[in-house]
Amino acid sequence: MEHTNKREASGEEEDMASGQPLVCTPPEANDAVSARSRQLFSYVTASESFAAPKASMLADLIEHQILAQPPGAVFGREAELARNLDIGRRLMRQASRLLQERGMLTAKRGGGGVGGLISRAPDHQTVVLRLAATLHGTDVAAGIQDARSFLTRFFADDTSPVARLLFDVIACLESNPSPLPDMKGGQAAQRLAVALADQYALGSRDSAPCFIGSLDSIAEQAGTSLAVAVEAVRLLEERQLVVLSRGRGGGVHSSPGGAAQAARMCNAYLAGNGVSAGQCDTVLRAINVEMINLACRRGADKSHDDMHAALAAMASAPKSSDLGVGWFLLQRSIAELADSPVLHLFARCLSSSILLRRLRSPELPEAEARELLQASVVITQNLSAGRTMGNRQAHWRCQQALEAYW
């Protein structure tokens with residue numbers, strides 16, 4: 001008992017598996033590699049125009065330390081973590097709630113080194129529901145057929161975690177899932193977040209943007225405290241269902257939603273189930289080639305302006321790394337031409353997982369950038385001509401150029 005009290009007094013917690021002290025160190029928010037990873041992640045998930053609040057950014061950075069530990073590692077109590085990271089307890093509490101919402105932490109009561117925030121991998125069904133929810137309100141009937149046809153050909157009798165996850169997302173989409181499955185947080189904040197989502201049809205692609213109110217007015221109308229209203233809005237921000245703006249004319253506005261949170265949960269699930277970045281890359285390449293070929297067949301009557309603009313921006317990029325960043329926007333424009341939202345969602349999640357785990361350099365060398373551009377020219381020429389021959393080889397050239405860096 002005396003040993004336990006000393007350990008608690010020192011603020012140390014133990015890894016439940018190894019018994020070694022586990023200290024959550026201040027994340028390096030301005031590290032060049034981390035900054036590039038965040039930038040590319042935002043382009044992949046189409047969230048570059050979404051200004052992430054401080055709590056979300058803190059959660060993103062702590063997430064890397066969570067993924068580096070085995071499930072069951074004790075990260076300590078929120079007050080201890082706030083002191084370690086030299087941040088306010090309120091900000092730490094918000095980040096903790098968001099990480100619990102992502103399924104990466106769970107709160108456990110108790111002393112003697114067994115209480116506090118415990119790392120975990122998101123459970124299978126929660127990730128399935130969250131991925132499917134990102135397409136809520138989207139016409140996915142044809143996209144489901146595209147995805148099922150591809151997965152059946154690619155995976156055959158494969159029962160790996162990634163195969164099971166993607167097939168189960170398709171099955172979930174067929175049941176028209178809720179836009180807010182299993183929202184976690186403070187009980188009162190969770191109830192308020194769900195009520196706001198229902199009242200303003202948040203997450204529906206066909207709902208018009210609207211002003212929900214100020215934080216004060218939301219709290220007043222709900223008959224709750226400002227702290228509860230803030231946490232509820234943070235939960236909705238995490239899924240990009242609302243945007244909170246400050247200053248004159250500011251407040252909470254509805255947003256169409258996004259794939260960023262679902263992509264992070266998918267990455268944690270894949271990493272926690274032993275699916276390597278290399279395995280994700282293999283599946284991603286095949287999905288991207290499938291979407292390129294779909295775009296060749298379906299894009300004849302569609303505008304290619306975005307695709308050509310993205311290629312032109314790559315060609316005129318002042319630096320090789322800027323060219324590489326532009327490639328991600330080109331991929332998005334090609335996916336839009338493919339008009340296959342389910343495959344596009346899978347590609348975003350797998351690409352995000354690779355970026356979050358494999359990216360090792362903030363810059364892309366000139367030779368690799370030049371290869372990226374030349375292969376992209378081949379693909380866009382094929383798309384303009386409606387040609388599928390050679391797309392696989394050209395796309396693999398792109399991925400090989402990125403592999404050692406991004």
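Below is a short chat about one predicted model, from the chain as a whole down to single residues.

Colleague: I'm new to this one, so how many helices and strands are there in the chain?

Modeller: The chain has 18 helices and seven strands, and please keep in mind throughout that we are looking at a predicted model.

Colleague: And what share of the residues count as buried?

Modeller: Of the 406 residues in the chain, 53% count as buried. As for the surface, the chain exposes about 18,000 Å², and carbon and sulfur atoms supply 51% of that area.

Colleague: What about contacts, what percentage join residues at least 24 apart?

Modeller: If we take the contacts in the chain between residues at least 6 apart in sequence, 76% of them join residues at least 24 apart.

Colleague: Let's go to the helices. At what angle do H13 and H15 pack?

Modeller: Helix H13, which covers residues 277-298, packs against helix H15, residues 320-338, at an angle of about 55°, and their axes are 7 Å apart. That angle makes H13 oblique to H15, and H13 passes H15 in a left-handed crossing.

Colleague: Which residues make that contact?

Modeller: From H13 the contact uses Met 291, Ile 292, Leu 294, Ala 295 and Arg 298, while H15 brings Ile 334, Ala 335, Leu 337 and Ala 338.

Colleague: Switching to H5, how does its axis lie against that of H11?

Modeller: The axes of H5 and helix H11, residues 226-238, come within 10 Å and cross at roughly 45°. H5 and H11 are therefore oblique to each other, and their crossing is right-handed.

Colleague: Which residues meet there, and how do they divide into nonpolar, polar and charged?

Modeller: On the H5 side you will find Gln 94, Arg 97, Leu 98 and Glu 101, and these meet Val 230, Glu 231, Arg 234, Leu 235 and Glu 238 in H11. The residues of the contact between H5 and H11 divide into three nonpolar, one polar and five charged.

Colleague: And H9 with H11, how do those axes cross?

Modeller: The axes of helix H9, residues 187-199, and H11 come within 8 Å and cross at roughly 60°. That makes H9 oblique to H11, and the crossing of H9 and H11 is right-handed.

Colleague: Which residues are involved in that one?

Modeller: H9 contributes Ala 188, Ala 189, Gln 190, Leu 192, Ala 193, Leu 196 and Ala 197, and in H11 they meet Val 228, Ala 229, Glu 231, Ala 232, Leu 235 and Leu 236. For the contact of H9 with H11, the division is 11 nonpolar, one polar and one charged.

Colleague: Back to H5 for a second, where is Arg 89, and is it buried or exposed?

Modeller: Arg 89 is in helix H5, which runs over residues 89-101. Arg 89 counts as exposed because its relative accessible area of 54% lies over the 50% cut-off.

Colleague: What does Arg 89 touch?

Modeller: Leaving out residues up to four places away in sequence, Arg 89 touches Ala 79 and Ala 82.

Colleague: Where does Asp 86 lie, and what is its phi?

Modeller: Asp 86 lies in the loop between helix H4, residues 78-85, and H5. Phi of Asp 86 is near 60°, a positive value in a residue other than glycine, and at 70% relative accessibility Asp 86 counts as exposed.

Colleague: And what about the phi of Ala 156?

Modeller: Ala 156 has a positive phi of about 50°, although it is not a glycine. Ala 156 is found in the loop between helix H7, residues 141-155, and helix H8, residues 161-173, and it is exposed, with a relative accessible area of 54%.

Colleague: Last one, Ser 353: buried or exposed, and why?

Modeller: Ser 353 counts as buried because its relative accessibility is 0%, and buried means under 20%. Ser 353 has its place in helix H16, residues 341-358, and, not counting residues up to four places away in sequence, Ser 353 touches Asn 267, Leu 270 and Cys 280.

Key: Residues numbered from 1 in each chain as written. Predicted model: local features only at pLDDT ≥ 70, side-chain atom pairs only at ≥ 80, totals over all residues. Heavy atoms only, no water. Helix = DSSP H or I, 4+ residues; strand = E, 2+ residues; numbered from the N terminus. Buried < 20%, exposed > 50% of the residue type's maximum accessible area, 1.4 Å probe, protein only. Contact = heavy atoms within 4.5 Å. Axes fitted to C-alpha atoms, helices over the stretch in contact; angles between N-to-C directions. Parallel < 35°, antiparallel > 145°, perpendicular 65-115°, else oblique. Left-handed = near helix turned anticlockwise from the far one by under 90°. Areas by Shrake-Rupley, 256 points an atom, 1.4 Å probe, with all protein chains shown as cover. Nonpolar A, V, L, I, M, F, W, Y, C, P; charged D, E, K, R; others polar.
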